[in-house]
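Hi,

Here is the structure I promised to pass on.

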Amino acid sequence: MTINYFDLNNKIAMVTGASSGLGIHFAKILAAEGATVILAARRHEKLESIVSEIIADGGKASALSLDVTNPESVQQCFKTIEGDFGGLDILINNAGVASDPTKFVDITEDEWSWVVDTNMTGAWRVAQAATRQMIATNKPGSIINISSIYGLHTGVLKAGYNVSKAGVVQLTKSMAMELARYNIRVNALCPGWFLTDINSGYFASESGARYVKSLPSRRLGNMEELTVPLLMLASNKASSYINGSCITVDGGLVESPV
């Protein structure tokens, strides 16, 4: 008998920050494995086009407006999910931002607040709402917080980002310890450098090309290299005893002195 460990049929999954980059990829691969996927982000018009693509490929998807920095927006989003879908089984807590490279002494209050409020406080806000809903509906769940290698590693000119992603790692571990009794697993996925719309300009430059050559693997990651780690963490069949883990997908960068 062959077991499909990644089968997500009859599961309701939400991906935040689903209007670009990793969020689009995560939504599409969850839908391909049978989940009904809720794509959530501020840019609703962008979400609609991605939903249409997923449906055209035979998947099930819908779009919801969500601003993770706004408590009322988060509460309204989860109220809609409860009414339309009965609650979540899987949360991909992916919404995040990054500021331009800035020296620590030059970071402004607004820049710091924007990054930390979105990446860390926003992740907490969405995770808490999802957790409350899962507990209330007595649903076993999987929450995957998207952190970064810079939550485990460090680097210059990105203090706010590093702090916010380290916070997501600790949030993940704290949640995992407290929520295991409710059969809710919480793990973090920590990607390294992947080519996205946000960083494509930099990596096409001479400076970006030099940086890529300094990486242990001498290349950027491909989106598909995040597929199996994400599906493993999302599926209770594949990772029922994985809880509080931080999975790095970075070509060895965290372990290098770069």
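To start with the cavity: which element gives the most to the lining of the largest cavity? H4 does, with three residues. Before the rest, a word on the model. It is a predicted one, so local features need pLDDT of at least 70 and side-chain atom pairs count only at pLDDT 80 or more, while totals for chains, interfaces and linings use all residues. Residues are numbered from 1 along each chain as its sequence is written, and side-chain values use heavy atoms, with hydrogens and water left out.

Helices (H or I, at least four residues) and strands (E, at least two) are DSSP runs, numbered from the N terminus.

**Empty space**

Rolling a probe the size of a water molecule over the atoms shows where empty space is left. The search runs on a 1 Å grid over the protein atoms alone: a cavity is a set of points where a 1.4 Å probe fits but cannot get out, a pocket is an open set with protein on both sides within 12 Å along at least five of seven lines, and lining residues have an atom within 4 Å of a point. Grid points are joined across faces, edges and corners, and a volume is the space filled by probe spheres set on the points.

By this rule there is one cavity of 30 Å³ or more, and the largest cavity has a volume of about 60 Å³. Its lining includes Ser-99, Asp-100, Glu-111, Trp-112 and Lys-158. H4 and H5 each supply at least two residues of that lining.

The largest pocket comes to about 1600 Å³. It is lined by 49 residues, and Val-97, Ala-98, Tyr-161, Thr-196 and Ile-198 are the closest to its centre. H1, S2, helix H4 (109-136), H5 and H6 each give two or more residues to the lining, with H1 giving the most, three residues.

Thr-196 is one to click on. You will find it in the loop between S6 and H6, and Thr-196 is buried at a relative accessible area of 16% (buried means under 20% relative accessible area, exposed over 50%, partly exposed in between; 1.4 Å probe, protein chains only). Its C-alpha atom is 9.6 Å from that of Asn-222, 26 residues apart along the chain.

**Nonpolar cores**

In soluble globular proteins, nonpolar side chains tend to be buried together. I counted a nonpolar core as a set of buried Ala, Val, Leu, Ile, Met, Phe, Trp, Tyr and Cys residues joined through side-chain atoms within 4.5 Å. The largest has 33 residues, and Phe-26, Leu-30, Leu-39 and Ile-92 touch the most other members. Among the elements that give two or more residues to this core are strand S1 (12-16), helix H1 (21-32), strand S2 (36-41) and helix H8 (227-234). H1 gives the most to this core, seven residues. There is also a second, separate core of 28 residues, which includes Leu-88, Leu-91, Ala-176 and Ile-184.

Leaving out residues up to four places away in sequence, Phe-26 touches Val-15, Ile-92, Asn-94, Ile-146, Leu-189, Leu-226 and Leu-230 (contact means heavy atoms within 4.5 Å).

**Aromatic rings**

The structure holds four aromatic pairs. Rings of Phe, Tyr and Trp (its six-membered ring) pair if their centres lie within 6.5 Å; planes under 30 degrees apart count as stacked, over 60 as edge-to-face and the rest as tilted. Tyr-150 and Trp-193 make an edge-to-face pair, 6.2 Å centre to centre with 70° between the planes. This pair links distant parts of the chain, 43 residues apart: Tyr-150 is in the loop between S5 and helix H5 (159-179), and Trp-193 in the loop between strand S6 (184-191) and helix H6 (200-203). Tyr-150 is buried at 7%, whereas Trp-193 is partly exposed at 25%.

Trp-193 also pairs with Tyr-211: the ring centres are 5.8 Å apart and the planes at 80°, so this pair is edge-to-face. Ring pairs link Tyr-150, Trp-193, Tyr-202, Phe-203 and Tyr-211 into a cluster.

The charged end of Lys-158 sits over the ring of Tyr-150, 4.6 Å from its centre (this needs NZ of Lys or CZ of Arg within 6 Å of the ring centre and within 35 degrees of the ring normal).

Cheers
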